[in-house]
Amino acid sequence: MSNTRIEKDSMGELHVPADALYGAQTQRAVENFPVSGLRMPQHFIRALGLIKAAAAEVNAELGLLDRERAEAIMRAGAAVAEGEHDDAFPVDVFQTGSGTSSNMNANEVIARLANQGLNRDIVHPNDHVNMGQSSNDVIPTAIHVSAVLLAQHQLLPALRELQRHLEARATELATVAKTGRTHLMDAMPVTLGQELSAWASQVGNGISRVEASLPRLCALAQGGTAVGTGINAHPAFGPRMAEVLSQRTGVTFTPAANAFEALACQDSAVEMSGQLRVIAVSFTKIANDLRWMNSGPLAGLGEIALPALQPGSSIMPGKVNPVVPESVAMAAVQVMGNDLTISVAGQSGNFQLNVMLPVIAYNLLQSMELLANSARLLGNRAIRGFTVNQETLDRALARNPILVTALNAVIGYEKGAAIAKQAYAEGRPILEVALEQTELSEDELQRLLDPQMLTRGGLPGQGD
């Protein structure tokens, strides 16, 4: 038995794997683009399935597609959207810039599934599955739909969970004072709670940034067809598509205000990618702070101990490394690189169409997944479980000459600087040197130099 079958398209006949759900146009793309081995993301394929099922429903409502074919396409599209046929989408990411190969891949797979369900060969990939559509509006719509659903169902919940973990630990550690650092050098004290509150605020701002960009991703190109004019689509097709997709996903989608803009550019995807880049920058900052605070345990800062998750060395027994912050930092670097790719690709809108749609889709969705997974990893395996080395914190605070800053209003900057230099040089606590060099009593110095009081800001010695 032959392991191929003959399929044909407008360019002629072609051998296709006998058991493949796709047809000739997909096979041509497989042969034409052996570039990376990277396939379009599952979330993007899901969006294509949703779009094709919704299109069949709308075309049937408008009296353009008979109910038998429409229902068969809707069932097949739903199966694709549920991930039942991911292996039927082999087209490389680096394909035709419009994503036509991926659109036709979906059309061919859904047509074949529909015909199998009907036990008749009456559903055509172009005439029925692609009715009222063009790759030029389907692929931009799929980018938007997949990105919105991924943001709503994975990224935002993961970021909110991370923020909750940070806020909980910030509350727990609100009274744990430590040496602050600026320029990586000792500075005035802060609490661990204050330090973590900054991280929580960064994550909260990241959530707001994503939410602010979502409305523009919820505007869909569908209905613009080839160049934005809507040729070959019913005038009500685009608005009804947005309504049906909203019903099927629970997300409010709308038709793009200007279909020409929706096809010609990918500014909304570029905008969202920029927001993801900011979150990646925030994650890098948090990850690096954790690595510094965990460093040692003997020759570093050793302020905290991250959970020990795995052996850290193949040659040094007992070594344990901060693997979660390292993983998160690498994911963040990838997101930053993806943003550059998306930005350059976003410039490639020539006249009525952007011609780097697949690479935009791939990188945008990958960035969202990386950040969602990293947020959960960071929260569950680093933030929740680290312990505080209180003795290390207290010892460093007691010998921190910068505490003399609290005496500025009493003894002046110049006198304070001299006391700090002497304390540094002699390796003595600032209180001892200040007691010798000023007329302040030990009780008054202890009150003015109390690290816990100094973390509350204001004028030292005032208030409580």
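**Note on the predicted model**

1. Pro 297 sits in the loop that runs between α10 (267-294) and β7 (304-305). Helices (H or I, at least four residues) and strands (E, at least two) are DSSP runs, numbered from the N terminus.

2. On the basis of the values: this is a predicted model, in which local features need pLDDT of at least 70 and side-chain atom pairs count only at pLDDT 80 or more, while totals for chains, interfaces and linings use all residues. Residues are numbered from 1 along each chain as its sequence is written, and side-chain values use heavy atoms, with hydrogens and water left out.

3. The loop between β5 (219-220) and α8 (237-249) holds Thr 225, and Asn 232 is found in the loop between β5 and α8 as well. Thr 225 has a positive phi, near 50°, though it is not glycine. Asn 232, also a residue other than glycine, has a positive phi near 70°. Thr 225 is buried at 2% relative accessible area, whereas Asn 232 is exposed at 70%. Buried means under 20% relative accessible area, exposed over 50%, and partly exposed in between (1.4 Å probe, protein chains only).

4. Zero disulfides turn up in a search of the whole structure, a disulfide being a pair of cysteine sulfur atoms within 2.5 Å. For Cys 218, the closest cysteine sulfur is that of Cys 265, 16 Å away, so the two are too far apart for a bond. Cys 218 is buried, at 9% relative accessibility, and Cys 265 is buried too, at 16%.

5. One cavity of 30 Å³ or more is found in the whole structure. The largest cavity holds about 40 Å³ of space. A cavity is a set of points, on a 1 Å grid over the protein atoms alone, where a 1.4 Å probe fits but cannot get out; lining residues have an atom within 4 Å of a point. Grid points are joined across faces, edges and corners, and the volume is the space filled by probe spheres set on the points.

6. The lining of the largest cavity includes Leu 306, Pro 307, Asn 321 and Arg 381.

7. Over residues 12-337 the chain is 60% helix and 8% strand, with the end C-alpha atoms 41 Å apart.

Technical notes. 1 Å grid on protein atoms, 1.4 Å probe; cavity = no way out; pocket = protein on both sides within 12 Å on 5 of 7 lines; lining within 4 Å.
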